[in-house]
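User: I have a model open and want to go through its packing. Can you take questions as I look?

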Amino acid sequence: MTRIGTAAATNEHWIAEGRAGYLADFGVYAVLLVVLIAVGVSGRTGSPRNWLAAATVGAAVWTLIEYGLQRFVFQKVPAIAAIHLVHHRRPCSYLWTPTWLSLTILAGLFLAPLWRWASPPTALGAVSGIVGGYLWYGIERHVIHHGRPRWLALRLRNAGRRHALHHGSGNSGNFGVRSAIWDVAFGTVLSDREQQPNRESTVEP
Ligand SMILES: [Zn+2]
């Protein structure tokens with residue numbers, strides 16, 4: 001079942017919930033990434049080397065976007081914070097940002113401005129990196145919350161341990177999922193000592 005904004009009493013606006021849509025969102029972004037890579041390496045929009053450079057920068061910028069989302073948007077913007085609270089209450093539920101919304105943000109905030117003020121090849125390369133980062137962020141979030149597939153969960157156990165503290169500590173921190181680099185840079189790393197033993201967290205460390 002997919003529902004959006006049906007739990008008004010708890011401010012659960014802009015939530016889409018349902019396993020099919022949740023998985024379809026991964027599919028849409030995987031296909032989009034493949035198309036962007038194919039266009040980039042084909043040379044149709046310019047030098048593949050330039051596309052790769054822009055994609056690398058885009059992927060690096062994504063880690064900062066991810067940190068900013070987790071630290072500010074998910075905590076401070078009331079409607080979005082309500083969604084994040086639902087995630088903290090039910091970490092394994094299939095909550096997802098509606099694909100139309102994330103695609104609109106991607107096109108409006110990144111693709112269109114870069115296309116207009118940089119160049120189409122730079123825009124496509126940077127967006128490729130951002131899409132790759134967003135897709136991997138989603139995969140990593142799924143794996144560390146659900147613990148499956150097991151082989152990947154084991155390889156991501158450090159990220160899982162960091163995120164378990166994000167859920168299980170009484171303090172705010174460990175906002176980076178993919179990387180701790182921005183938590184280190186901005187002093188928001190949580191230590192193991194901050195884990196509250198009685199605080200509920202279903203994220204596997
Ligand atoms: Zn989480």
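Predicted model: local features only at pLDDT ≥ 70, side-chain atom pairs only at ≥ 80, totals over all residues.

User: Start with the core. How many residues does the largest nonpolar core have, and which have the most contacts inside it?

Analyst: The largest nonpolar core has 14 residues. Those with the most contacts inside it are Ala-123, Leu-124, Ala-126, Val-127, Ile-130, Val-131 and Tyr-134.

User: Which elements give two or more residues to this core?

Analyst: Helix 1 (19-42), helix 2 (48-76) and helix 5 (120-146) do. Helix 5 supplies the largest share, 7 residues.

User: What is Tyr-134 in contact with, leaving aside its neighbours within four places in sequence?

Analyst: Tyr-134 is then in contact with Tyr-29 and Trp-62.

User: And which residues are in the other core?

Analyst: That core lies apart from the largest one and has 5 residues, including Val-143, Ile-144, Ala-159 and Val-177. As background, nonpolar side chains in soluble globular proteins tend to be buried together.

User: On to helix pairs. How do helix 2 and helix 5 cross?

Analyst: Their axes come within 6 Å and cross at roughly 45°. Helix 2 and helix 5 are therefore oblique to each other. The crossing of helix 2 and helix 5 is right-handed.

User: What is that contact made of, by class?

Analyst: The contact of helix 2 with helix 5 has 15 nonpolar, 10 polar and 1 charged residues.

User: Now helix 2 against helix 3. What is the angle there?

Analyst: Helix 2 and helix 3 (residues 78-89) pack at about 105°, and their axes are 5 Å apart. An angle of 65 to 115 degrees counts as roughly perpendicular, so that is how helix 2 and helix 3 are classed.

User: Which residues meet there?

Analyst: From helix 2, Val-73, Phe-74, Gln-75 and Lys-76 meet Ile-80, Ala-81 and His-84 of helix 3. By class, the contact of helix 2 with helix 3 has 4 nonpolar, 2 polar and 1 charged residues.

User: Why does Ile-83 count as buried?

Analyst: Because Ile-83 has 20 C-beta neighbours inside 10 Å, and a residue is buried if 20 or more other C-beta atoms lie within that distance.

User: How are Ile-83 and Thr-97 placed?

Analyst: Ile-83 and Thr-97 are 14 residues apart along the chain, and their C-alpha atoms are separated by 9.5 Å.

Terms used
Residues numbered from 1 in each chain as written. Core = buried A, V, L, I, M, F, W, Y, C linked by C-beta atoms within 7 Å. Buried ≥ 20, exposed ≤ 12 C-beta atoms within 10 Å, placed from the backbone. Helix = DSSP H or I, 4+ residues; strand = E, 2+ residues; numbered from the N terminus. Contact = placed C-beta atoms within 7 Å. Axes fitted to C-alpha atoms, helices over the stretch in contact; angles between N-to-C directions. Parallel < 35°, antiparallel > 145°, perpendicular 65-115°, else oblique. Nonpolar A, V, L, I, M, F, W, Y, C, P; charged D, E, K, R; others polar. Left-handed = near helix turned anticlockwise from the far one by under 90°.
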